[in-house]
Amino acid sequence: MISKITIKNLPHNPGISGWNAILPDDKPAQPLNKNMTADWLVIGGGFAGLSAARRLSQLIPNTKGIKDTNSTKIAVLEAGRIGEGPAGRNSGFMIDLPHVLSSKDYAGDNNEDQLQIAMNRRAIDFALDAADEYGLDAETIVQTGKVNGAATAKGVAHNLTYADHLQNLGETYEIFDAQQMQELSGSNYYHQGLFTPGTTMLHPTAYVRGLRDGLQNKVDIFENSPVISLNRTGPDWQVKTPAGSITAPQIIMAVNGHAQSFGFFKRRLMHIFLYASMTRALNTEEVRKLGGTPRWGITPSDPVGSTIRRISGRSGDRIIVRNQASFVSSMEVSDHVATAKRTHHERSFADRFARMGNIDMEYSWGGKLCLSLNDVPAFGPIEDGITAACCQNGLGTARGTLSGIVAADLVTGNLQDNHQILERMLSYPQPKKLPMEPFATIGATLTIKYREWRAGKEV
Ligand SMILES: Cc1cc2nc3c(=O)[nH]c(=O)nc-3n(C[C@H](O)[C@H](O)[C@H](O)COP(=O)(O)OP(=O)(O)OC[C@H]3O[C@@H](n4cnc5c(N)ncnc54)[C@H](O)[C@@H]3O)c2cc1C
């Protein structure tokens with residue numbers, strides 16, 4: 001039994017996330033600056049952590065925030081600001097269908113995919129329900145579906161095999177031809193597209209900020225409050241931050257790959273950085289030239305290609321490009337490395353929208369996600385009083401949400417509502433061990449580079 005944990009690595013988020021930058025300034029943070037107790041403590045304020053906190057608040061009666069100055073029912077500790085970490089750095093596709101990044105076309109095993117769809121939809125329902133309860137608008141979350149865009153003959157073939165897979169699963173889809181892709185996006189780059197209706201599109205930072213604000217009367221959320229150590233004190237854990245501590249008997253650890261910084265899942269988690277850029281707001285003439293519809297999302301038909309998205313509304317009309325990935329076992333990427341990826345994003349933008357001329361990328365950033373070699377989560381009890389809701393394998397908007405929900409079910413003993421999902425989450429084997437360094441980094445880097453090269457114009 002472990003009695004003391006010292007956190008080795010605190011998160012650093014390279015570059016400025018456009019999603020955060022285009023929102024109005026956030027309200028001042030409330031850091032933890034005292035010693036207190038909580039019945040339930042969640043560490044990490046991303047999709048998993050905030051969903052766990054919301055689910056706890058639904059399951060535990062009378063959660064009214066801090067009861068007296070030193071005790072509360074549910075608390076969340078987040079190292080930075082809500083929405084500045086990976087939860088506010090992604091492309092915002094909350095996908096309902098199988099999305100196996102290691103496959104050539106996202107398809108997985110039939111039986112597992114059936115259950116994955118049910119899990120992803122449970123997460124989407126939870127997010128839509130939160131949006132309804134907290135009054136989040138359609139610029140923050142809306143179920144519009146998305147298209148897998150194919151820019152090569154190989155991409156078209158991937159879409160067709162994936163469509164067959166969906167047919168076998170009884171899922172609906174529509175094939176778009178090149179003309180329909182141009183009508184949607186304004187780009188004549190795509191030969192074909194596979195539209196599926198269930199994906200829910202998020203403004204990721206607005207969504208997680210919305211969850212935080214919606215929970216404010218029920219949960220105490222402390223931002224800029226990185227956990228630096230945990231000490232066992234009898235049946236409880238005393239969890240320290242630089243300016244205070246929370247002592248709690250039950251902790252949900254929702255820090256994704258940072259579970260490793262707490263000493264858990266050593267050499268079992270792969271830390272992958274993805275990179276994105278967002279254009280400046282287009283002017284009226286540029287919007288006219290662009291054509292297409294005001295809001296759309298295109299994921300690449302080859303999983304390592306470019307994700308492209310258009311947003312419209314209060315922050316203007318903008319295009320977001322995501323491509324390039326790197327395996328970083330240290331979990332640290334400098335701001336410079338992240339912003340240097342802008343060149344790739346500009347090239348992918350120019351390929352798709354040649355007639356638009358030079359449109360600056362206003363923001364460029366990187367963010368990390370966590371994968372395991374055997375595509376399983378790091379979920380369940382990991383120490384007395386500590387339950388992990390980590391390693392979302394790329395699809396963290398949906399899978400993070402889901403692991404937060406069922407972690408809350410598990411720690412409160414609510415085993416009925418989502419019992420099939422919980423059973424499956426608890427049945428996965430451990431994430432598989434990675435090769436020793438430097439072999440893990442060399443192997444993963446070569447695989448990523450080879451796959452990017454093979455994806456060709458899909459990037
Ligand atoms: C560019 C990019 C594009 C992506 N696109 C998509 C997409 O379209 N769809 C999709 O589903 N996924 C996407 N992802 C992945 C997705 O963002 C992640 O999988 C998701 O954020 C994981 O959610 P989470 O809550 O598990 O972890 P996180 O969002 O990483 O949240 C964990 C939190 O824990 C906090 N933390 C860590 N250590 C500590 C500590 N010591 N003390 C306190 N807090 C701590 C971190 O600050 C962080 O906020 C993308 C990622 C990137 C980078």
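This is a predicted model: local features need pLDDT of at least 70, side-chain atom pairs count only at pLDDT 80 or more; totals for chains, interfaces and linings use all residues.
Local features need pLDDT of at least 70 and side-chain atom pairs count only at pLDDT 80 or more, while totals for chains, interfaces and linings use all residues. Residues are numbered from 1 along each chain as its sequence is written, and side-chain values use heavy atoms, with hydrogens and water left out.

Let's start with the sheet. Eight strands form an open sheet with mixed pairing, in the order E7-E8-E6-E16-E17-E18-E15-E19. Strands here are DSSP runs of E with at least two residues, helices are runs of H or I with at least four, and both are numbered from the N terminus. Two strands pair if DSSP finds at least two bridges between them. At the edges sit E7 (174-177) and E19 (361-371), each pairing on one side only. On average, neighbouring strands are turned by 25° against each other, direction ignored; axes are lines fitted to C-alpha atoms (for helices, over the stretch in contact), and angles run from 0 to 180 degrees between N-to-C directions.

Zoom in on E17 (residues 307-311) and E18 (residues 318-327): they run antiparallel and are joined by five bridges. Threonine 307 stands opposite arginine 322 in E18. Helix H12 packs on the sheet, touching E15 and E18, and its direction makes about 140° with that of E18. Contact here means heavy atoms within 4.5 Å. Helix H5 (residues 178-185) lies across E6, E7, E8 and E16, running at about 85° to E7.

Now the ligand. It has 34 residues around it, and Ala48, Glu78, Phe93, Gln392 and Thr397 come nearest; a residue counts as near if one of its heavy atoms lies within 4 Å. A backbone N or O atom of phenylalanine 93 lies 2.8 Å from a ligand nitrogen. A polar backbone atom of glycine 396 is 3.2 Å from a ligand oxygen. Taken alone the ligand exposes 1000 Å², and the protein buries 96% of that (Shrake-Rupley areas, 1.4 Å probe).

Most residues other than glycine have a negative phi, and most peptide bonds are trans. Cysteine 391, in the loop between E21 (386-390) and H10 (396-412), has a positive phi near 60°. Cysteine 391 is buried, at 1% relative accessible area, where buried means under 20%, exposed over 50% and partly exposed in between (1.4 Å probe, protein chains only). Arginine 267 also has a positive phi, about 55°, but counts as partly exposed at 35% relative accessibility. Last, a cis peptide bond joins glutamate 437 and proline 438, with omega about 5°.

Key:
A polar contact is a pair of N or O atoms within 3.5 Å; within protein, one must be able to donate a hydrogen and the other to accept it, and residues adjacent in sequence count only if both atoms are side-chain atoms.
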